[in-house]
Amino acid sequence: MEYIVSARKYRPLTFDSVVGQSSLTTTLKNAVKSGKLAHAFLFCGPRGVGKTTCARIFAKTINCEHPTPDGEACNECESCKAFNEQRSLNIFELDAASNNSVENIKVLMDQTRVPPQLGRYKVFIIDEVHMLSSQAFNAFLKTLEEPPSYVIFILATTEKHKILPTIISRCQIYDFDRMDVPNIVNHLKMVAGKEGITFEEEALALIAEKADGGMRDALSIFDQSVVYCRGNLTYDKVMENLNVLASEHFFKIVDLSLANKVPEVMVLLNDIINKGFDGGQLVNGLAHHLRNVMMAKDNATLPLLEVSDRLREKFKEQAARCPAKFLYQALRYCNQCDINYRGSSNKRLLVELTLIEIAQETQADDATAGGRSPYKSLKSLFNKLVALSQRQSASQVAATERPSRQHAQAGTGDAAPHPEQSTQTVAVAASPTPSPSISKKKIGDFSVSFKTLKNVGHTTSATEEAEVTNKEEQTQFSQSDLMREWLAMCNRMPQPMAGLAARLKHVTPQITDYPNIELVINNQDLLDQLVQIKGRIRKTMALALHNGNIDFTPRLAKVEEVKPVLSKRELFDKLRQENHALEQLRAALDLELA
């Protein structure tokens, strides 16, 4: 026996058997009963909600020889039998996705000239009408506006906005609704009963949610699940077949987040990823779950939850424990993660940070910060590490303090030390030993104010403050090392000295008598400013080059040493003159300096 999928086997044959479109089917039946039929109809809506099915039922009904009093086809006359056996000559279906040219429309227009041989109307159903080309639409306009009296057009589309306004204005428009979960579940129960399939209602609800409002999608998923479950639809088996995350995971994540249990959330995330689920799938599912929790906080929005009755009660229980502010902020975090997920190079880290922020949203503010700390969302993760570090520091201070006290007592005999002396000793012992590594603050210590730059009399004091501290280092350095650190120093100079830094970038330090460095300055004002911070420059370069014996000798350039600053065009022309190969390359590629 030939197998037929449920979407075709249980396709509605009457208006009353159409699921979830009662208002539209009632309007169409009233039109049949009253005989007030328009010449063109436009059926719009998402996929799998019954647009083409209603078009076929409507076409059969208006040609029925003995329609019922409530506007249904009799299914007994010759016209109804011909339609049911797919041999009707009065009903034509055109797939505009593959027949979208002007020639296809012209062939259709030729068929409208022949009146029906059996029945009253020739009905032309054009599916996916938005796929027609602009030329085809224009060729269709005149016939659509004034067709013969025996011709009726039914246009079906999932994308109404792509149809020309001139076409829409000539049609009666019927907007089909998405299927809700209860209607899909009831229809699946009917199909399962006729097929002799046992099921759990939670499993059918899961299929209905996965279908996203489409009955055809729901029946296709139903058939697939029946094959996988061997005729016994259980919630766990259907969830495994559809590869969806169980709702229990999301309930657990929210409960852990309300308790600020970040480590447990990270462990749960790792388990979910190890099962083969994508991090983005988890975030989207969590956002949908949080939305349902937010809807469950108010009885007025509770009907918006397209879930089973058991899950609806669970959402109500969790919503009672969730503050509204937590839900709003968590949804904002999930939405931001979804926006950045595709472009992120470390997707798992992005998901982890999102879950950390959600899990710490209800955490108390940092008491030591005098308000909400901008780094609170990551701070509690390292509480144990911070406490351990503090204990280690305290033990190091105590260990250093004991020898210091012993040394102080040995120097003064058995006499007790003076309280102030003891305090000073402990303070000195507790101070950390300077690290031999070079910090950014030491390398870029250019905190000279404009007053210091203008006051030439304070040059000596400024130099004394910048005393070289690594005179014992004598690392060898080259001219390239010098230039690299010189430019790095200029880039690190503070904003008040940005103008001076820009001018120093054009100064080329030269190694004259190693490790002495000469600076040739073209301008007396620049030379005066440079002399004021000479000590700081020397200290910075000594630390950067690991050589404490370097010295700087700035001097004013002689007349013959002054070189003009070339523009990019002048520099390029100079290079072309000095290097003929460069000019040949430019000519071969026909290049010009932008």
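# Getting started with this predicted model

Among the elements that cover the buried residues of helix H8 are helix H1 (6-9), strand S6 (198-199), helix H9 (201-211) and helix H10 (215-229); contact here means heavy atoms within 4.5 Å. This is a predicted model, where local features need pLDDT of at least 70, side-chain atom pairs count only at pLDDT 80 or more, and totals for chains, interfaces and linings use all residues. Residues are numbered from 1 along each chain as its sequence is written, and side-chain values use heavy atoms, with hydrogens and water left out. Helices (H or I, at least four residues) and strands (E, at least two) are DSSP runs, numbered from the N terminus.

**Helix H8**

- H8 takes in residues 181-195, and its 15 residues should span 21 Å at 1.5 Å a residue, which agrees with end C-alpha atoms that are 21 Å apart. The expected span is 1.5 Å times one less than the number of residues in the helix.
- Val181, Ile184, Val185, His187, Leu188, Val191 and Ala192 are the buried residues of H8. Buried means under 20% relative accessible area, exposed over 50%, and partly exposed in between (1.4 Å probe, protein chains only).
- Look down the axis of H8 and those buried residues fall within an arc of 165°, so they line one face of the helix. The arc is that of the directions from the helix axis to the C-beta atoms.
- Turned away from that buried side, the face of H8 carries the exposed residues Gly193 and Lys194.
- After H8 comes Gly196, with a positive phi near 70°.

**Helix H2**

- H2 (residues 22-34) has 13 residues and reaches 18 Å from its first C-alpha to its last, close to the 18 Å expected at 1.5 Å a residue.
- The buried residues here include Leu24, Thr25, Leu28, Lys29, Ala31 and Val32. Down the axis of H2, the buried residues sit within an arc of 155°, so they line one face of the helix.
- The cover over the buried residues of H2 includes strand S1 (40-44), helix H3 (51-62) and strand S5 (172-175).

**Aromatic rings**

- Rings of Phe, Tyr and Trp (its six-membered ring) pair if their centres lie within 6.5 Å; planes under 30 degrees apart count as stacked, over 60 as edge-to-face and the rest as tilted. By this rule the count comes to 10 aromatic pairs.
- Phe43 and Tyr174 have ring centres 5.6 Å apart and planes at 80°, so this pair is edge-to-face. Phe43 lies in S1 and Tyr174 in S5, so the pair ties together parts that are 131 residues apart in sequence.
- Phe43 is buried, with a relative accessible area of 0%, and Tyr174 is buried too, at 8%.
- Phe251 and Phe315 make a tilted pair: 5.0 Å centre to centre, with 45° between the planes. That pair links distant parts of the chain, with Phe251 in helix H12 (residues 247-258) and Phe315 in helix H15 (residues 309-321), 64 residues apart. Both Phe251 and Phe315 are buried.
- Phe41, Phe43, Phe58, Tyr174 and Phe176 are linked by ring pairs into a cluster.

**Charges over rings**

- The charged end of Lys314 sits over the ring of Phe251, 4.4 Å from its centre. The rule: NZ of Lys or CZ of Arg is within 6 Å of the ring centre and within 35 degrees of the ring normal.
- Lys347 lies over the face of Tyr341, at 5.7 Å from the ring centre.

**The S8-S9-S10 sheet**

- Here 3 strands form an open sheet in the order S8-S9-S10, with mixed pairing. Two strands pair if DSSP finds at least two bridges between them.
- S8 and S10 stand at the edges, each with a single partner strand, so one side of each is left without a neighbour in the sheet.
- S8 (residues 510-511) and S9 run antiparallel, joined by 2 bridges, and a hairpin joins S8 to S9 through 4 residues. Ile511 stands opposite Ile517 in S9.
- S9 and S10 (residues 551-556) run parallel, joined by 6 bridges. Leu519 stands opposite Pro554 in S10, and Asn516 has Asp551 in S10 as its bridge partner.
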